[in-house]
Amino acid sequence: MNPSDLTSIPARRHYQCLDAWRGIACLMVVAFHSSNDGYATAAAPGSGTGFAGIGGSLLKIVSLMWVGVPIFFVISGYCIASASDSAREHRRGLGAFIFRRFRRIHPTYWAALAFAIALIWGVSFVGWPELFHDGIHPIPRLSSLTWGNWAGNVALIETWRAPLFGGDYRFVAAQTWTLCYEERFYLICGLLVAIVPCRFFLGVGAVSVLVATRVILTWLIPSYPNISGVFFDGRWFLFAVGVSVYYRIHHATGAAPRLLPPSLAAIALGGFAGRSALFASLGSQLVIEMIVGGLCGAALILLWGSDVRLASLRALRPLSWCGTRSYSIDLVHWTACKAVSRTLWMAGFRDVWSTLLVSIPVALGTSFLLGWGLFTLVERRFCNRPHKGPSTSPDSPPSAPRRSVPTISLVGVAS
(Lines give C-alpha, C1' and ligand atoms only; values in the text may rest on other atoms or scores of the structure.)
Protein backbone atom coordinates (compact mmCIF):
# COMPACT_ATOMS: atom_id res chain seq x y z
CA MET A 1 0.00 0.00 0.00
CA ASN A 2 1.28 3.42 -0.90
CA PRO A 3 1.41 6.12 1.80
CA SER A 4 -1.08 8.16 -0.21
CA ASP A 5 -3.62 5.38 0.14
CA LEU A 6 -3.76 6.00 3.88
CA THR A 7 -5.10 9.53 3.48
CA SER A 8 -8.57 8.12 2.81
CA ILE A 9 -8.65 6.30 6.16
CA PRO A 10 -10.70 8.35 8.65
CA ALA A 11 -9.20 9.54 11.91
CA ARG A 12 -12.36 8.92 13.93
CA ARG A 13 -13.92 5.53 13.36
CA HIS A 14 -15.44 4.76 16.75
CA TYR A 15 -19.24 4.89 16.83
CA GLN A 16 -19.82 5.58 20.51
CA CYS A 17 -23.51 4.65 20.54
CA LEU A 18 -22.83 1.14 19.25
CA ASP A 19 -22.53 -0.07 22.84
CA ALA A 20 -26.12 1.07 23.44
CA TRP A 21 -27.24 -0.53 20.16
CA ARG A 22 -25.63 -3.80 21.23
CA GLY A 23 -27.30 -3.47 24.62
CA ILE A 24 -30.72 -3.16 22.99
CA ALA A 25 -30.09 -6.14 20.71
CA CYS A 26 -28.76 -8.19 23.63
CA LEU A 27 -31.85 -7.45 25.74
CA MET A 28 -34.09 -8.43 22.85
CA VAL A 29 -32.44 -11.78 22.21
CA VAL A 30 -32.20 -12.78 25.89
CA ALA A 31 -35.85 -11.83 26.47
CA PHE A 32 -36.86 -13.86 23.42
CA HIS A 33 -35.10 -17.00 24.66
CA SER A 34 -36.45 -16.45 28.18
CA SER A 35 -40.00 -16.69 26.85
CA ASN A 36 -39.75 -20.03 25.05
CA ASP A 37 -41.55 -22.16 27.63
CA GLY A 38 -44.31 -19.64 28.31
CA TYR A 39 -44.87 -19.00 24.61
CA ALA A 40 -45.03 -22.72 23.80
CA THR A 41 -47.58 -23.20 26.59
CA ALA A 42 -49.78 -20.35 25.35
CA ALA A 43 -49.55 -21.58 21.75
CA ALA A 44 -50.41 -25.20 22.59
CA PRO A 45 -53.90 -26.44 21.58
CA GLY A 46 -56.33 -26.31 24.49
CA SER A 47 -54.24 -23.77 26.41
CA GLY A 48 -57.35 -21.83 27.40
CA THR A 49 -56.73 -18.10 27.05
CA GLY A 50 -53.82 -18.48 24.63
CA PHE A 51 -52.63 -15.03 23.53
CA ALA A 52 -55.80 -13.19 24.48
CA GLY A 53 -55.66 -9.81 26.14
CA ILE A 54 -52.82 -7.37 26.76
CA GLY A 55 -50.55 -10.06 28.23
CA GLY A 56 -50.88 -12.25 25.16
CA SER A 57 -50.10 -9.32 22.87
CA LEU A 58 -47.01 -8.45 24.91
CA LEU A 59 -45.80 -12.05 24.81
CA LYS A 60 -46.25 -12.08 21.04
CA ILE A 61 -44.11 -8.94 20.82
CA VAL A 62 -41.42 -10.65 22.92
CA SER A 63 -41.57 -13.62 20.53
CA LEU A 64 -40.47 -11.28 17.72
CA MET A 65 -37.40 -10.04 19.56
CA TRP A 66 -35.18 -12.55 17.76
CA VAL A 67 -34.70 -9.70 15.27
CA GLY A 68 -31.92 -8.56 17.59
CA VAL A 69 -29.76 -11.09 15.72
CA PRO A 70 -29.69 -9.22 12.35
CA ILE A 71 -29.02 -6.00 14.29
CA PHE A 72 -25.94 -7.68 15.76
CA PHE A 73 -24.85 -8.78 12.28
CA VAL A 74 -25.12 -5.22 10.92
CA ILE A 75 -23.12 -3.86 13.88
CA SER A 76 -20.47 -6.53 13.23
CA GLY A 77 -20.23 -5.40 9.62
CA TYR A 78 -19.53 -1.84 10.74
CA CYS A 79 -16.98 -2.95 13.35
CA ILE A 80 -15.07 -5.28 11.06
CA ALA A 81 -14.90 -2.56 8.40
CA SER A 82 -13.34 -0.33 11.06
CA ALA A 83 -10.94 -3.11 12.06
CA SER A 84 -10.05 -3.62 8.40
CA ASP A 85 -9.21 0.07 8.03
CA SER A 86 -7.02 -0.25 11.13
CA ALA A 87 -5.28 -3.29 9.62
CA ARG A 88 -4.66 -1.35 6.42
CA GLU A 89 -3.40 1.68 8.31
CA HIS A 90 -0.97 -0.28 10.48
CA ARG A 91 -0.10 -2.70 7.66
CA ARG A 92 -1.06 -5.82 9.59
CA GLY A 93 -0.83 -9.02 7.59
CA LEU A 94 -3.47 -11.73 7.33
CA GLY A 95 -1.88 -13.71 10.16
CA ALA A 96 -2.05 -10.77 12.58
CA PHE A 97 -5.58 -9.94 11.51
CA ILE A 98 -6.83 -13.50 12.09
CA PHE A 99 -4.90 -13.82 15.35
CA ARG A 100 -6.58 -10.70 16.75
CA ARG A 101 -10.01 -12.11 15.87
CA PHE A 102 -9.06 -15.53 17.31
CA ARG A 103 -7.73 -14.04 20.54
CA ARG A 104 -10.79 -11.87 20.93
CA ILE A 105 -13.36 -14.62 20.37
CA HIS A 106 -12.14 -18.12 21.21
CA PRO A 107 -10.78 -18.01 24.80
CA THR A 108 -13.99 -16.45 26.15
CA TYR A 109 -16.09 -18.79 24.05
CA TRP A 110 -14.21 -21.84 25.33
CA ALA A 111 -14.73 -20.71 28.92
CA ALA A 112 -18.48 -20.35 28.28
CA LEU A 113 -18.58 -23.72 26.51
CA ALA A 114 -16.87 -25.39 29.47
CA PHE A 115 -19.40 -23.78 31.83
CA ALA A 116 -22.32 -25.01 29.71
CA ILE A 117 -20.93 -28.55 29.52
CA ALA A 118 -20.33 -28.65 33.28
CA LEU A 119 -23.84 -27.37 34.03
CA ILE A 120 -25.55 -29.78 31.63
CA TRP A 121 -23.55 -32.73 32.91
CA GLY A 122 -24.08 -31.74 36.54
CA VAL A 123 -27.86 -31.43 36.15
CA SER A 124 -28.03 -34.83 34.45
CA PHE A 125 -25.77 -36.35 37.12
CA VAL A 126 -28.12 -35.34 39.93
CA GLY A 127 -31.05 -36.90 38.09
CA TRP A 128 -32.76 -33.89 36.52
CA PRO A 129 -32.07 -34.31 32.80
CA GLU A 130 -35.48 -33.00 31.74
CA LEU A 131 -34.33 -29.51 32.67
CA PHE A 132 -32.35 -29.25 29.44
CA HIS A 133 -33.60 -32.18 27.38
CA ASP A 134 -37.33 -31.42 27.29
CA GLY A 135 -39.46 -31.00 24.17
CA ILE A 136 -39.16 -27.20 23.88
CA HIS A 137 -35.93 -26.24 22.11
CA PRO A 138 -33.98 -28.98 23.91
CA ILE A 139 -30.24 -28.94 24.36
CA PRO A 140 -28.86 -32.19 22.88
CA ARG A 141 -27.58 -34.80 25.29
CA LEU A 142 -23.80 -34.64 25.49
CA SER A 143 -23.60 -38.39 24.83
CA SER A 144 -25.42 -37.91 21.51
CA LEU A 145 -22.72 -35.62 20.06
CA THR A 146 -20.34 -37.21 17.57
CA TRP A 147 -16.65 -36.43 17.32
CA GLY A 148 -17.54 -34.24 14.35
CA ASN A 149 -20.09 -32.33 16.43
CA TRP A 150 -17.54 -31.78 19.19
CA ALA A 151 -14.94 -30.56 16.69
CA GLY A 152 -17.49 -28.24 15.11
CA ASN A 153 -18.54 -26.81 18.47
CA VAL A 154 -15.00 -26.27 19.74
CA ALA A 155 -13.68 -24.77 16.49
CA LEU A 156 -16.87 -22.82 15.67
CA ILE A 157 -17.24 -24.52 12.30
CA GLU A 158 -20.37 -26.58 12.96
CA THR A 159 -22.70 -24.70 10.59
CA TRP A 160 -20.62 -25.52 7.54
CA ARG A 161 -18.92 -28.70 8.76
CA ALA A 162 -22.20 -30.61 8.55
CA PRO A 163 -23.22 -29.63 4.98
CA LEU A 164 -19.68 -30.07 3.67
CA PHE A 165 -18.67 -33.27 5.47
CA GLY A 166 -22.02 -34.85 6.25
CA GLY A 167 -24.05 -35.50 9.37
CA ASP A 168 -26.40 -33.35 11.40
CA TYR A 169 -25.19 -30.22 13.12
CA ARG A 170 -25.78 -29.93 16.85
CA PHE A 171 -24.80 -27.20 19.26
CA VAL A 172 -24.19 -27.38 22.98
CA ALA A 173 -25.43 -23.78 23.04
CA ALA A 174 -27.92 -23.03 20.27
CA GLN A 175 -26.85 -19.40 19.73
CA THR A 176 -23.39 -20.56 18.64
CA TRP A 177 -24.57 -20.66 15.03
CA THR A 178 -24.27 -16.87 14.91
CA LEU A 179 -20.61 -17.04 15.95
CA CYS A 180 -19.97 -19.51 13.15
CA TYR A 181 -21.34 -16.97 10.67
CA GLU A 182 -19.19 -14.21 12.11
CA GLU A 183 -16.02 -16.24 11.85
CA ARG A 184 -16.62 -16.81 8.14
CA PHE A 185 -17.21 -13.09 7.71
CA TYR A 186 -13.98 -12.24 9.55
CA LEU A 187 -12.04 -14.71 7.41
CA ILE A 188 -13.35 -13.29 4.14
CA CYS A 189 -12.63 -9.72 5.26
CA GLY A 190 -9.15 -10.73 6.37
CA LEU A 191 -8.47 -12.21 2.96
CA LEU A 192 -9.71 -9.04 1.27
CA VAL A 193 -7.44 -6.89 3.46
CA ALA A 194 -4.48 -9.12 2.61
CA ILE A 195 -5.15 -9.50 -1.13
CA VAL A 196 -6.71 -6.14 -2.11
CA PRO A 197 -5.97 -3.74 0.78
CA CYS A 198 -6.60 -0.66 -1.35
CA ARG A 199 -9.85 -2.07 -2.76
CA PHE A 200 -11.37 -3.57 0.38
CA PHE A 201 -14.83 -2.08 -0.10
CA LEU A 202 -14.86 -3.02 -3.75
CA GLY A 203 -13.99 -6.57 -2.67
CA VAL A 204 -16.95 -6.63 -0.27
CA GLY A 205 -19.14 -5.52 -3.15
CA ALA A 206 -17.77 -8.30 -5.35
CA VAL A 207 -18.55 -10.93 -2.71
CA SER A 208 -22.05 -9.45 -2.43
CA VAL A 209 -22.50 -9.90 -6.18
CA LEU A 210 -21.44 -13.55 -5.88
CA VAL A 211 -23.96 -14.14 -3.09
CA ALA A 212 -26.68 -12.37 -5.09
CA THR A 213 -25.86 -14.62 -8.05
CA ARG A 214 -26.39 -17.67 -5.86
CA VAL A 215 -29.74 -16.26 -4.74
CA ILE A 216 -30.81 -15.71 -8.36
CA LEU A 217 -29.73 -19.22 -9.36
CA THR A 218 -31.73 -20.69 -6.48
CA TRP A 219 -34.77 -18.80 -7.71
CA LEU A 220 -34.32 -19.79 -11.36
CA ILE A 221 -33.26 -23.39 -10.71
CA PRO A 222 -35.25 -25.02 -7.88
CA SER A 223 -32.88 -27.99 -7.85
CA TYR A 224 -29.84 -25.74 -7.36
CA PRO A 225 -28.00 -26.87 -4.19
CA ASN A 226 -28.80 -24.82 -1.10
CA ILE A 227 -25.55 -24.29 0.81
CA SER A 228 -26.27 -22.97 4.29
CA GLY A 229 -23.91 -21.81 6.98
CA VAL A 230 -21.33 -20.15 4.69
CA PHE A 231 -23.12 -16.92 3.73
CA PHE A 232 -24.53 -18.28 0.50
CA ASP A 233 -27.94 -18.42 2.13
CA GLY A 234 -28.00 -14.61 1.96
CA ARG A 235 -26.92 -13.52 5.45
CA TRP A 236 -23.79 -11.99 3.97
CA PHE A 237 -26.01 -9.04 2.99
CA LEU A 238 -26.58 -8.20 6.67
CA PHE A 239 -22.84 -7.81 7.25
CA ALA A 240 -22.56 -5.94 3.95
CA VAL A 241 -25.13 -3.41 5.21
CA GLY A 242 -22.85 -2.70 8.18
CA VAL A 243 -19.84 -2.31 5.89
CA SER A 244 -21.91 0.04 3.68
CA VAL A 245 -22.82 2.14 6.72
CA TYR A 246 -19.15 2.47 7.62
CA TYR A 247 -18.24 3.36 4.04
CA ARG A 248 -21.07 5.89 3.78
CA ILE A 249 -20.07 7.64 7.03
CA HIS A 250 -16.29 7.63 6.65
CA HIS A 251 -15.36 7.26 2.99
CA ALA A 252 -18.17 8.41 0.69
CA THR A 253 -17.48 11.73 -1.05
CA GLY A 254 -19.39 13.81 -3.54
CA ALA A 255 -23.11 14.47 -3.88
CA ALA A 256 -24.30 11.15 -5.26
CA PRO A 257 -23.28 8.93 -2.33
CA ARG A 258 -24.84 11.36 0.12
CA LEU A 259 -28.10 11.60 -1.82
CA LEU A 260 -28.33 7.84 -2.27
CA PRO A 261 -26.62 6.25 0.74
CA PRO A 262 -26.16 2.50 0.76
CA SER A 263 -28.62 2.21 3.64
CA LEU A 264 -31.48 3.41 1.41
CA ALA A 265 -30.53 0.75 -1.08
CA ALA A 266 -30.61 -1.77 1.76
CA ILE A 267 -34.12 -0.64 2.73
CA ALA A 268 -35.23 -0.84 -0.90
CA LEU A 269 -33.78 -4.35 -0.98
CA GLY A 270 -35.77 -5.20 2.13
CA GLY A 271 -39.02 -3.83 0.68
CA PHE A 272 -38.38 -5.66 -2.57
CA ALA A 273 -37.63 -8.80 -0.63
CA GLY A 274 -41.03 -8.72 1.02
CA ARG A 275 -42.84 -8.93 -2.33
CA SER A 276 -40.47 -10.78 -4.59
CA ALA A 277 -40.55 -14.51 -5.24
CA LEU A 278 -36.81 -14.23 -5.78
CA PHE A 279 -36.20 -13.49 -2.12
CA ALA A 280 -39.17 -15.47 -0.89
CA SER A 281 -37.19 -18.51 -2.03
CA LEU A 282 -34.78 -17.75 0.82
CA GLY A 283 -37.46 -18.20 3.47
CA SER A 284 -39.60 -15.73 5.38
CA GLN A 285 -37.19 -15.42 8.33
CA LEU A 286 -34.29 -14.29 6.17
CA VAL A 287 -36.54 -11.80 4.38
CA ILE A 288 -37.44 -10.27 7.75
CA GLU A 289 -33.76 -10.24 8.73
CA MET A 290 -32.86 -8.26 5.61
CA ILE A 291 -35.64 -5.73 6.20
CA VAL A 292 -34.52 -5.25 9.82
CA GLY A 293 -30.89 -5.02 8.69
CA GLY A 294 -31.75 -2.31 6.17
CA LEU A 295 -33.69 -0.29 8.73
CA CYS A 296 -30.85 -0.65 11.23
CA GLY A 297 -28.34 0.56 8.65
CA ALA A 298 -30.45 3.60 7.83
CA ALA A 299 -30.82 4.48 11.51
CA LEU A 300 -27.06 4.22 12.09
CA ILE A 301 -26.40 6.67 9.27
CA LEU A 302 -29.09 9.12 10.37
CA LEU A 303 -27.91 9.11 13.99
CA TRP A 304 -24.19 9.44 13.27
CA GLY A 305 -24.31 13.24 13.46
CA SER A 306 -25.73 13.02 16.99
CA ASP A 307 -23.52 10.14 18.11
CA VAL A 308 -21.39 11.96 20.71
CA ARG A 309 -24.37 13.78 22.21
CA LEU A 310 -26.49 10.62 22.44
CA ALA A 311 -23.63 8.61 23.93
CA SER A 312 -23.36 11.12 26.78
CA LEU A 313 -26.99 10.68 27.87
CA ARG A 314 -27.38 9.14 31.32
CA ALA A 315 -30.43 7.22 30.15
CA LEU A 316 -28.31 5.18 27.75
CA ARG A 317 -25.65 4.20 30.28
CA PRO A 318 -27.39 0.97 31.40
CA LEU A 319 -27.75 -0.07 27.76
CA SER A 320 -24.10 0.77 27.09
CA TRP A 321 -23.06 -1.27 30.15
CA CYS A 322 -25.02 -4.19 28.77
CA GLY A 323 -23.61 -3.68 25.28
CA THR A 324 -20.01 -3.63 26.50
CA ARG A 325 -20.58 -7.05 28.10
CA SER A 326 -22.96 -8.35 25.44
CA TYR A 327 -20.52 -10.94 24.08
CA SER A 328 -20.19 -12.63 27.47
CA ILE A 329 -23.94 -12.32 28.11
CA ASP A 330 -24.66 -13.86 24.73
CA LEU A 331 -22.34 -16.79 25.38
CA VAL A 332 -23.94 -17.79 28.69
CA HIS A 333 -27.54 -16.72 28.22
CA TRP A 334 -28.89 -19.73 26.35
CA THR A 335 -27.99 -22.22 29.08
CA ALA A 336 -29.07 -19.77 31.79
CA CYS A 337 -32.40 -18.97 30.14
CA LYS A 338 -33.11 -22.62 29.53
CA ALA A 339 -32.38 -23.58 33.15
CA VAL A 340 -34.29 -20.69 34.72
CA SER A 341 -37.36 -20.64 32.47
CA ARG A 342 -37.77 -24.43 32.58
CA THR A 343 -37.34 -24.56 36.36
CA LEU A 344 -39.99 -21.87 36.83
CA TRP A 345 -42.27 -23.58 34.32
CA MET A 346 -42.00 -26.85 36.24
CA ALA A 347 -42.72 -24.90 39.45
CA GLY A 348 -46.04 -23.72 38.01
CA PHE A 349 -45.17 -20.37 36.42
CA ARG A 350 -46.72 -21.23 33.07
CA ASP A 351 -49.32 -18.63 32.14
CA VAL A 352 -48.72 -15.50 30.11
CA TRP A 353 -48.38 -13.05 33.00
CA SER A 354 -46.12 -15.39 34.99
CA THR A 355 -43.86 -15.57 31.94
CA LEU A 356 -43.82 -11.78 31.51
CA LEU A 357 -43.46 -10.79 35.16
CA VAL A 358 -41.42 -13.67 36.61
CA SER A 359 -39.70 -15.97 34.10
CA ILE A 360 -38.34 -13.32 31.73
CA PRO A 361 -37.05 -10.90 34.43
CA VAL A 362 -35.42 -13.71 36.45
CA ALA A 363 -33.80 -15.21 33.33
CA LEU A 364 -32.59 -11.77 32.23
CA GLY A 365 -31.08 -11.08 35.64
CA THR A 366 -29.39 -14.48 35.79
CA SER A 367 -27.97 -14.08 32.29
CA PHE A 368 -26.63 -10.60 33.03
CA LEU A 369 -25.07 -11.75 36.31
CA LEU A 370 -23.34 -14.72 34.67
CA GLY A 371 -22.33 -12.58 31.70
CA TRP A 372 -20.82 -9.97 34.01
CA GLY A 373 -18.87 -12.73 35.75
CA LEU A 374 -17.56 -14.14 32.46
CA PHE A 375 -16.61 -10.66 31.26
CA THR A 376 -14.80 -9.84 34.51
CA LEU A 377 -12.96 -13.14 34.87
CA VAL A 378 -12.18 -13.94 31.24
CA GLU A 379 -13.29 -11.67 28.40
CA ARG A 380 -11.68 -8.40 29.46
CA ARG A 381 -8.31 -10.16 29.64
CA PHE A 382 -8.52 -10.87 25.91
CA CYS A 383 -9.71 -7.51 24.62
CA ASN A 384 -7.32 -6.41 21.90
CA ARG A 385 -5.34 -3.40 23.02
CA PRO A 386 -5.15 -0.24 20.91
CA HIS A 387 -2.21 0.05 18.54
CA LYS A 388 0.51 2.07 20.23
CA GLY A 389 1.51 4.58 17.67
CA PRO A 390 0.68 7.99 16.28
CA SER A 391 -2.29 6.71 14.32
CA THR A 392 -5.77 6.39 15.74
CA SER A 393 -7.25 2.90 15.99
CA PRO A 394 -10.96 2.08 15.92
CA ASP A 395 -10.65 0.88 19.50
CA SER A 396 -9.66 4.33 20.73
CA PRO A 397 -11.17 7.57 19.39
CA PRO A 398 -8.91 10.63 19.47
CA SER A 399 -11.33 12.51 21.73
CA ALA A 400 -11.24 9.95 24.53
CA PRO A 401 -8.59 8.14 26.57
CA ARG A 402 -7.28 5.02 24.92
CA ARG A 403 -9.09 1.86 25.96
CA SER A 404 -10.15 -1.41 24.41
CA VAL A 405 -13.78 -1.45 23.31
CA PRO A 406 -15.25 -4.93 22.91
CA THR A 407 -17.56 -5.21 19.96
CA ILE A 408 -19.86 -8.17 19.63
CA SER A 409 -22.41 -9.38 17.30
CA LEU A 410 -24.53 -12.01 18.81
CA VAL A 411 -22.12 -14.01 17.40
CA GLY A 412 -18.82 -12.47 18.00
CA VAL A 413 -16.61 -9.51 18.36
CA ALA A 414 -14.70 -7.21 16.06
CA SER A 415 -12.48 -5.17 18.31
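**Exercise 1. The contacts of Glu379**

Determine which side chain is joined to Glu379 by a polar contact of 2.8 Å in this predicted model, and describe where Glu379 is found.

*Solution.*
Step 1. The partner at 2.8 Å is Arg104, whose side chain meets that of Glu379.
Step 2. A polar contact of 2.4 Å also joins the side chains of Glu379 and Ser328.
Step 3. Glu379 is found in the loop between helix H18 (352-377) and strand S1 (408-409).
Step 4. The relative accessible area of Glu379 is 0%, so this residue is buried.

**Exercise 2. Salt bridges**

State how many salt bridges the structure holds, and examine the bridges of Arg161, Glu183 and Glu289.

*Solution.*
Step 1. The structure holds nine salt bridges.
Step 2. Arg161 is bridged to Glu158, with 2.7 Å between the closest N and O atoms. Both residues lie in helix H7 (residues 158-165), three residues apart, which is about one turn of the helix. Arg161 and Glu158 are both buried.
Step 3. Glu183 forms a salt bridge with Arg184, and here the closest N and O atoms are 3.5 Å apart. Burial is assigned under 20% relative accessible area. Glu183, at 13%, is therefore buried, and Arg184, at 12%, also counts as buried.
Step 4. Glu289 and Arg235 meet through their side chains in a salt bridge of 2.9 Å, N to O. Glu289 belongs to helix H14 (residues 284-303), whereas Arg235 lies in the loop between helix H9 (200-220) and helix H10 (236-250), so this bridge ties together parts that are 54 residues apart in sequence. Glu289 and Arg235 are both buried.
Step 5. Salt bridges with shared partners also join Asp37, Asp134, Lys338 and Arg342 into one network.

**Exercise 3. Aromatic pairs**

Classify the geometry of the pair formed by Trp177 and Tyr181, and that of the pair formed by Phe185 and Tyr186.

*Solution.*
Step 1. The structure holds 16 aromatic pairs. In the pair of Trp177 and Tyr181, the distance is 5.5 Å centre to centre and the angle between the planes is 85 degrees. An angle over 60 degrees counts as edge-to-face, and the pair of Trp177 and Tyr181 is accordingly edge-to-face.
Step 2. Trp177 and Tyr181 are four residues apart in helix H8 (residues 176-195), so about one helical turn separates them.
Step 3. Trp177 is partly exposed, with a relative accessible area of 24%, whereas Tyr181 is buried, with 4%.
Step 4. The ring centres of Phe185 and Tyr186 are 6.3 Å apart and the planes meet at 45 degrees, so this pair is tilted. Phe185 and Tyr186 are both buried.

**Exercise 4. Charges over a ring**

Identify the residues that lie over the ring of Trp345.

*Solution.*
Step 1. The charged end of Arg342 sits over the ring of Trp345, at 4.1 Å from its centre.
Step 2. Arg350 lies over the face of Trp345, at 3.7 Å from the ring centre.
Step 3. Arg342 also belongs to the salt-bridge network with Asp37, Asp134 and Lys338.

**Exercise 5. The nonpolar core**

Find how many residues the largest nonpolar core has, and name the helix that supplies its largest share.

*Solution.*
Step 1. The largest nonpolar core has 93 residues.
Step 2. Among the residues with the most contacts inside this core are Tyr15, Tyr78, Phe185 and Phe200.
Step 3. Helix H4 (residues 68-89) supplies the largest share of this core, 12 residues.
Step 4. Ring pairs link Tyr15, Tyr78 and Phe200 into a cluster that also includes Phe201, Tyr246, Tyr247 and Trp304.

Note on methods
Residues numbered from 1 in each chain as written. Predicted model: local features only at pLDDT ≥ 70, side-chain atom pairs only at ≥ 80, totals over all residues. Heavy atoms only, no water. Phe/Tyr/Trp six-rings, centres within 6.5 Å; stacked < 30°, edge-to-face > 60°. Helix = DSSP H or I, 4+ residues; strand = E, 2+ residues; numbered from the N terminus. Buried < 20%, exposed > 50% of the residue type's maximum accessible area, 1.4 Å probe, protein only. Lys NZ or Arg CZ within 6 Å of the ring centre and 35° of its normal. Salt bridge = Lys/Arg side-chain N within 4 Å of Asp/Glu carboxyl O. Core = buried A, V, L, I, M, F, W, Y, C linked by side-chain atoms within 4.5 Å. Polar contact = N/O pair within 3.5 Å; in protein donor to acceptor, adjacent residues only side chain to side chain.
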